[in-house]
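Subject: Structure for your review

Hello,

I am passing on the structure we spoke about.

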Amino acid sequence: MKLPLQEIAGLAQRLTRPVQFMEVCGTHTMAAYRSGLHQLLPPNVRLLSGPGCPVCVTDPSYIDAAIELAGHPDIIVATFGDLLRVPGSDSSLEQERAAGANVRIVYSPSDALVLARECPSKKVVFLGVGFETTAPTVAWAISQAALDDRKNFFVLCAHKTMPQAMDALLHGQAVKIDGFICPGHVSVITGAQMYRFICERYRIPCVVTGFEPWDILSAIKMLLRQVVEGRAEVENEYSRSVSEAGNPVAQRLMAQVFEPCDVVWRGIGTIPGSGLRIRKEYARFDAAVALDVTFVEARVNPSCLCGTVMRGMATPFDCRLFGRACSPSHPIGPCMVSSEGVCAACFKYEKRAAA
Amino acid sequence: MNRHRILLAHGGGGSLTQELIQRLFVPAFKMSSLDDAAVLAVDRVRLAFTTDSYVVKPYVFPGGDIGRLAVCGTVNDLAVQGAQPLWLSLSFILEEGLPVADLESIVASIATTASEAGVTIVTGDTKVVERGQCEGLYINTAGIGRVAGRRSVSHAGAKPGDVVLINGPIGEHGVAVMSRRAGIEFQTSVVSDSAPVWPLVKAILDLGAEVHTLRDPTRGGVAAALNDIATASGVGIRLEEKALPIGREVRGACDLLGLDPLTIANEGKLLVICRQADAERVLATMKRQPLGRQAVVIGEVMETPKAMVLLRTTIGGERIVDMPTGEDLPRIC
């Protein structure tokens with residue numbers, strides 16, 4: 001058996017034009033940079049990072065709303081650690097916490113539910129950010145809260161679904177994409193068949209893969225082979241975890257609690273049907289409704305290229321702020337904060353500043 | 001410092017801690033050396049002096065407790081300066097309501113660890129604060145040791161061509177503590193590696209080998225320690241990912257929490273940087289010590305790129321091992 005890198009080099013020689021593949025999962029982005037994979041690819045094969053980091057695609061007005069909530073003395077904001085340092089218009093949850101706001105890091109939505117049980121005099125607001133991987137766990141927490149008739153548990157919901165974003169990227173045609181490396185974790189829930197419409201509508205190959213560097217190399221090899229052979233199919237490199245149909249229990253839970261809605265993706269704009277909002281039956285747990293949250297357009301640093309970077313149209317090195325004004329300890333855009341952000345991965349593993 | 005308040009990350013041992021030290025403490029106290037312990041000459045004897053505070057949460061964890069840590073952390077800061085630890089001070093800040101039984105067991109653990117480390121507790125202090133003002137108890141220890149050899153080991157001593165060794169698997173202390181932290185709790189058989197490293201250091205120094213730098217990779221892990229060394233010595237360091245000793249469970253826990261084992265704290269590990277020609281016998285000596293049985297070579301020191309730590313990955317790529325920023329943030333998704 002040949003090593004994947006040799007096979008990739010062999011297939012790349014048969015290409016008639018350079019190709020660009022996009023990964024749309026933050027964990028893939030991180031794994032690729034962490035293993036130094038980009039430097040090992042032939043010059044006519046490029047790997048782009050797409051909008052795969054849930055924190056990065058969250059509209060900054062959401063962060064401002066969360067900060068606003070955290071300022072209320074009777075509210076505890078419960079969040080995954082990733083959101084803590086993301087800058088809003090004027091501050092971050094981390095800075096607000098240092099100034100006395102009640103912000104707690106939790107590791108799952110059910111921890112937030114436990115917190116609500118333990119602090120009956122406080123309203124606990126969980127920040128629901130994430131793709132199909134996180135959404136079912138939040139749906140589960142909400143359904144449990146309903147069973148318990150919990151009155152002090154809320155979710156500020158900004159969940160999103162990936163296939164619609166991939167559709168929007170291809171539809172917009174702003175960047176040429178010759179194949180998708182599809183997210184392993186998301187696909188465990190949705191199933192590999194979720195991407196078939198991309199192959200059919202746009203004639204673009206998709207490969208679902210895992211998170212070891214070898215998985216990503218295999219996916220690139222499989223995509224190259226499809227391109228060379230003129231195929232556009234969904235292939236599953238990650239069959240050890242991902243099935244064709246996904247996880248029906250998780251899918252049912254999501255459908256029970258959430259319904260699709262249009263939602264704004266930072267840097268991309270509104271993508272129809274790509275958001276999940278809490279259904280009317282569960283509206284009493286929806287922080288936006290029950291606590292009357294208003295989202296005000298946020299002020300962001302106009303030089304920050306996060307939005308463009310997330311569409312694959314620029315690399316972090318194209319950004320004037322990267323490695324200078326913007327670094328993990330003093331982040332300006334979300335891509336520099338999240339452990340899955342492209343800029344953070346680039347800064348951490350590749351170079352310190354643009355040449 | 002363009003922030004108005006201290007963040008938790010300022011205490012994380014990463015770049016924000018560095019910023020605090022460089023911009024506030026160094027100019028205010030006109031400090032020159034920033035090693036783990038100060039080396040002070042008294043008459044003709046050279047003494048090493050250091051202090052450290054312990055706020056670990058929870059205060060009992062698999063493989064140890066805050067008491068064991070308060071001894072090991074401080075004596076190891078002396079040991080990596082090439083000093084034999086001799087005396088310790090011990091100050092308690094106790095929270096009103098702390099069960100006396102807990103304090104008794106921590107004191108017993110301090111006594112056992114002190115005798116294991118060959119140090120005497122010679123002075124101390126006790127304060128009690130109102131309930132809620134600290135979590136159970138905090139401990140501060142200061143330590144004095146006698147610098148053993150004539151040649152000093154400093155973290156600015158690494159030279160191009162040197163070899164980097166470590167005495168065993170990394171990340172165990174941090175993972176053991178995290179496994180018991182409220183909200184994360186997971187089942188693991190990983191226990192803290194906290195142990196006094198002086199016997200290992202002494203064996204290495206007694207060899208007479210050309211050892212340029214010793215370091216205990218505590219907060220911020222191997223990544224922070226090697227970045228410090230690379231910066232202070234004006235060299236680059238390249239690690240081999242394949243050579244890094246990382247246990248299966250530590251790797252699994254880190255994958256789950258989105259953390260890099262290289263940034264996880266150790267409390268009984270020793271990084272040794274020595275001349276390449278001496279590497280083999282240093283390694284052999286380490287392997288003969290109880291704390292060094294799993295010692296391995298993990299990398300080398302290079303001329304360039306200066307002040308940087310690189311890692312050759314298992315697929316043959318290369319990446320930066322950066323100074324961690326501070327408080328590690330478990331990922332979402």
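This is a predicted model: local features need pLDDT of at least 70, side-chain atom pairs count only at pLDDT 80 or more; totals for chains, interfaces and linings use all residues.

Domains of chain B. The domain assignment divides chain B into domain 1 (1–32), domain 2 (33–147) and domain 3 (163–320). Taken over C-alpha atoms, the centres of domain 1 and domain 2 of chain B are separated by 23 Å.

A helix pair in chain B. Helix α2 (residues 66–79) of chain B packs against helix α3 (residues 100–117) of chain B, with an angle of about 30° and the axes 7 Å apart. Angles under 35 degrees count as roughly parallel, and α2(B) and α3(B) are therefore roughly parallel to each other. The crossing of α2(B) past α3(B) is right-handed. On the α2(B) side, the contact is made by B:Ile66, B:Gly67, B:Arg68, B:Ala70, B:Val71, B:Cys72 and B:Val75. They meet B:Ile106, B:Val107, B:Ser109, B:Ile110, B:Thr113, B:Ala114 and B:Ala117 in α3(B). By type, the residues of this contact are ten nonpolar, three polar and one charged.

A covered helix in chain A. Helix α14 (residues 342–349) of chain A is mostly covered, with eight of its eight residues buried. The buried residues include A:Cys343, A:Phe347, A:Lys348 and A:Tyr349. What covers the buried residues of α14(A)? From chain A, the cover includes α2 (26–34), β2 (45–49) and α13 (306–310). Chain B contributes to it as well, through β14 (318–320).

Regards

Key: Residues are numbered from 1 along each chain as its sequence is written. Chains are lettered from A and ligands numbered from 1 in the order in which they are written. Axes are lines fitted to C-alpha atoms, for helices over the stretch in contact, and angles run from 0 to 180 degrees between N-to-C directions. Helices (H or I, at least four residues) and strands (E, at least two) are DSSP runs, numbered from the N terminus. Angles under 35 degrees count as roughly parallel, over 145 as roughly antiparallel, 65 to 115 as roughly perpendicular and the rest as oblique. A crossing is left-handed if the near helix is turned anticlockwise from the far one by less than a right angle, and right-handed if clockwise. Two residues are in contact if their C-beta atoms, placed from the backbone, lie within 7 Å. Ala, Val, Leu, Ile, Met, Phe, Trp, Tyr, Cys and Pro count as nonpolar, Asp, Glu, Lys and Arg as charged, and the others, Gly among them, as polar. A residue is buried if 20 or more other C-beta atoms lie within 10 Å of its own, exposed if 12 or fewer, and partly exposed in between; C-beta atoms are placed from the backbone. Domain bounds come from an automatic or database domain assignment.
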